[in-house]
Amino acid sequence: MAYIITEPCVGVKDAACVDVCPVDCIYTRDADDQYYINPDECIDCAACEPVCPVTAIFSQDAVPPQWKSYIEKNANYFKTGDPKTLKRK
Ligand code: SF4
């Protein structure tokens, strides 16, 4: 399981989550409109969830129904594109 970043992040990219993640598993690219959590690296610590100013982050089993597609969206993000272009901020 992992934490998931959902729609409220789109266009915001506050990045408070990036600062608190102990394993640096939250990424973006310059052209992207949100951050993504790598589910293979996330340790489920929950540190990111309360610091998000727009309540975009949920445990995978608590993602609201209208944003369930973001579970796959976060996972797929790390299967496409050049990994060298991933950034944390
Ligand atoms: Fe990082 Fe913890 Fe959030 Fe996973 S739950 S993305 S490890 S801060």
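Modeller: Before we start, buried here means under 20% relative accessible area, exposed means over 50%, and partly exposed lies in between (1.4 Å probe, protein chains only). This is a predicted model, where local features need pLDDT of at least 70, side-chain atom pairs count only at pLDDT 80 or more, and totals for chains, interfaces and linings use all residues. Residues are numbered from 1 along each chain as its sequence is written, and side-chain values use heavy atoms, with hydrogens and water left out.

Colleague: Thanks! So is Ile-71 buried, partly exposed or exposed?

Modeller: Ile-71 has 22% relative accessibility, so it counts as partly exposed.

Colleague: And where is Ile-71 placed?

Modeller: Ile-71 belongs to helix 3; helices (H or I, at least four residues) and strands (E, at least two) are DSSP runs numbered from the N terminus.

Colleague: What about Ala-2, buried or exposed?

Modeller: Ala-2 counts as buried because its relative accessibility is 1%. Ala-2 is in the segment before strand 1 (3-5), and its C-alpha is 7.0 Å from that of Ile-43, 41 residues away along the chain.

Colleague: Let's switch to rings. How many aromatic pairs does the structure hold?

Modeller: There are four aromatic pairs, where rings of Phe, Tyr and Trp (its six-membered ring) pair if their centres lie within 6.5 Å, and planes under 30 degrees apart count as stacked, over 60 as edge-to-face and the rest as tilted. One of them is Tyr-36 with Tyr-77: the centres are 3.8 Å apart and the planes at 15°, so this pair is stacked.

Colleague: Which parts does that pair tie together?

Modeller: Tyr-36 is in strand 3 (residues 36-37) and Tyr-77 in helix 3 (residues 69-77), so the pair ties together parts 41 residues apart in sequence. Both tyrosines, Tyr-36 and Tyr-77, are buried.

Colleague: What about Tyr-77 and Phe-78?

Modeller: Their ring centres lie 5.1 Å apart with planes at 85°, so Tyr-77 and Phe-78 form an edge-to-face pair. Tyr-77 counts as buried because its relative accessibility is 7%, while Phe-78, at 21%, counts as partly exposed.

Colleague: Which residues do ring pairs link into a cluster?

Modeller: The cluster is made of Tyr-27, Tyr-36, Tyr-77 and Phe-78.

Colleague: Which residue lies over the face of Tyr-77?

Modeller: That is Arg-29, at 4.8 Å from the ring centre; a charge sits over a ring if NZ of Lys or CZ of Arg is within 6 Å of the ring centre and within 35 degrees of the ring normal. There is also Lys-13, whose charged end sits over the ring of Tyr-35, 5.5 Å from its centre.

Colleague: Where is Lys-13 found?

Modeller: Lys-13 is in the loop between strand 1 and helix 1 (16-20). Its phi is positive, near 50°, in a residue other than glycine. With 23% relative accessibility, Lys-13 counts as partly exposed.

Colleague: Now the ligand. How many residues surround it?

Modeller: The ligand has 14 residues around it, the closest being Cys-21, Cys-42, Cys-45, Ala-46 and Cys-48; near means that a residue has a heavy atom within 4 Å.

Colleague: What do we know about phi of Ala-46?

Modeller: Phi of Ala-46 is positive, about 80°, although this residue is not a glycine. Ala-46 is in the loop between strand 3 and helix 2 (48-51), and it is partly exposed, with a relative accessible area of 26%.
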